[in-house]
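Welcome! Here is a short tour of a structure that may be new to you. Have a look at it first, and then read on.

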Amino acid sequence: MKKLLLTCFLALGIGANAQLNYNGDFEDSNEVANNYSGFTGFSVTAAAACSGTYGGQLTVSATTASTGGWIETGALVPGTNGMKVNVTAKYKKTANVTGTLMLALFEEVATNTWGYTAITTIPLTAAAITTCQTVTGVIPEGVLTSNKNWGIGFYFTRTGSTVGSVYVDDIVFVQDPTTG
């Protein structure tokens, strides 16, 4: 009886303290297939790599004015501990594409329907960015709840009719551990 009770308490403790800690580097094709999602215009390509061989590509065209790509947190850790999440990521882009790039928190609002909230906003001008730039942001404590599906990644909206690609890589998020 004592062993059973101890096992139950350990299982509850682990579940209650689920902590997100992940490096989304786009290198493992199984992880990409199972944990990464995106809208039309999101893909994985070697041209997007900041480190390693692959990165994510957000492409806008005449018919796609905005797009996004994210890592689904529920595929990594069942649940969340509700604490603050620190996010860092890298980006670069082709010339002439202008608009707003957002490090974003995605929420599944209905089955296969995702909304997003900007964590950090980056205005992009026409000049190419060929060296990966680092962006950081924070998801405050209490935002991530265990009763929803969440994603962390990027969302891009073009300005006017510009077309081209924004590349993203090394999306790292670390959730604070619970205290007490």
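Rings of Phe, Tyr and Trp (its six-membered ring) count as a pair if their centres lie within 6.5 Å; planes under 30 degrees apart are called stacked, those over 60 edge-to-face, and the rest tilted. With that rule, a search of the whole structure finds nine aromatic pairs. Please keep in mind that this is a predicted model, in which local features need pLDDT of at least 70 and side-chain atom pairs count only at pLDDT 80 or more, while totals for chains, interfaces and linings use all residues. Residues are numbered from 1 along each chain as its sequence is written, and side-chain values use heavy atoms, leaving out hydrogens and water.

**Aromatic rings**

- Tyr22 and Phe173 make a tilted pair, with 5.8 Å from centre to centre and 40° between the planes.
- Tyr22 belongs to strand β1 (residues 21-24) and Phe173 to strand β11, so this pair ties together parts 151 residues apart in sequence. Strands here are DSSP runs (E, at least two residues), numbered from the N terminus.
- Tyr22 and Phe173 are both buried, meaning under 20% relative accessible area with a 1.4 Å probe and protein chains only (exposed is over 50%, partly exposed in between).
- One aromatic cluster is formed by Phe39, Trp70, Phe106, Trp114, Tyr116 and Tyr155.

**The open sheet**

- Five strands form an open sheet, with antiparallel pairing, in the order β2-β5-β10-β7-β8; two strands pair if DSSP finds at least two bridges between them.
- β2 (36-38) and β8 (113-124) stand at the edges with a single partner strand each, so one side of each has no neighbour in the sheet.
- Strand β5 (residues 66-72) is joined to strand β10 (residues 150-158) by seven bridges, and Ser66 has Thr157 as its bridge partner in β10.
- Between the antiparallel strands β7 and β8 there are 11 bridges, and Phe106 stands opposite Tyr116 in β8.
- β7 and β8 form a hairpin with two residues between them, and Asn112 in the turn has a positive phi of about 60°.

Methods. Helices (H or I, at least four residues) and strands (E, at least two) are DSSP runs, numbered from the N terminus.
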